[in-house]
Amino acid sequence: MGAGDRSLEFAVDDLGTKANVGAINFTQVSGTTSGGGTNTYTKTYSTNGTQSYRSDGSQNTVDNGHCFQGYYSGTNGNQFSLITLPYTTIQSDLSGATISKVEVYLDNIHWYNNSGGTAVIGTHTYGTIPGSANYANVNPDISESSFTYGQAKWVTVANSIGNALRDNTAKGIALGKGPTTSHTYYGYFAGNGQTGEPKVRITYTK
């Protein structure tokens, strides 16, 4: 600068998240890649297979395609069901994500008690439906939910289920076994290909 020049001066005003300058409108946008923000997504995944099993892990061949859980008699024992999911798609969608909500959709067809019963929801590690199932591959009873007879609804379950699906420590949803042989836990739900078949809905940010 010359001897008679003045130094430059700057002033900064906080205009909030929106401002109009002449004919131009400026709006602050969250969740952009350049700003390092996050976006929220909710995605629904339908089952691609279901199967009911007797307590010993052999297939329940009279399940009529339904998802059985719990104890009715010694014939089948304390039953459980496996619900498989498109787990590779889920893992891809959830990679690097933070899970904020996990829901499971179930449509009850029958309970032992007319007053209803309790769904017992866990996870399993089978990518496809096995001919026989080892219950050691089931992480059971993570969440429970009461259903009236014939009720269909979305159940909010523990976020740990979404974390397990994201991290490949689970590939699908399990129903049962009942934590006891109480008939409160004996019932069955719609299975794959039936009206009201199971679904999983996950809300996450990334």
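**A tour of salt bridges and one buried lysine**

Begin by selecting Lys 101 and Glu 103, whose side chains meet in a salt bridge at 3.9 Å, N to O; the term denotes a side-chain nitrogen of Lys or Arg within 4 Å of a carboxyl oxygen of Asp or Glu. The model is predicted, so local features need pLDDT of at least 70 and side-chain atom pairs count only at pLDDT 80 or more, while totals for chains, interfaces and linings use all residues. Residues are numbered from 1 along each chain as its sequence is written, and side-chain values use heavy atoms, without hydrogens and water.

Glu 103 is buried, at 7% relative accessibility, whereas Lys 101 is partly exposed at 35%. Here buried means under 20% relative accessible area, exposed over 50%, and partly exposed in between (1.4 Å probe, protein chains only).

Strands (E, at least two residues) and helices (H or I, at least four) are DSSP runs, numbered from the N terminus.

Then select Lys 171, in the loop between helix H2 (159-166) and strand S11 (172-176). Lys 171 is buried yet has no salt bridge. Which side chain makes a polar contact with the side chain of Lys 171? It is that of Asn 168, at 3.3 Å; a polar contact is a pair of N or O atoms within 3.5 Å, where within protein one must be able to donate a hydrogen and the other to accept it, and residues adjacent in sequence count only if both atoms are side-chain atoms.

Key
Lys, Arg positive; Asp, Glu negative; His and termini not counted.
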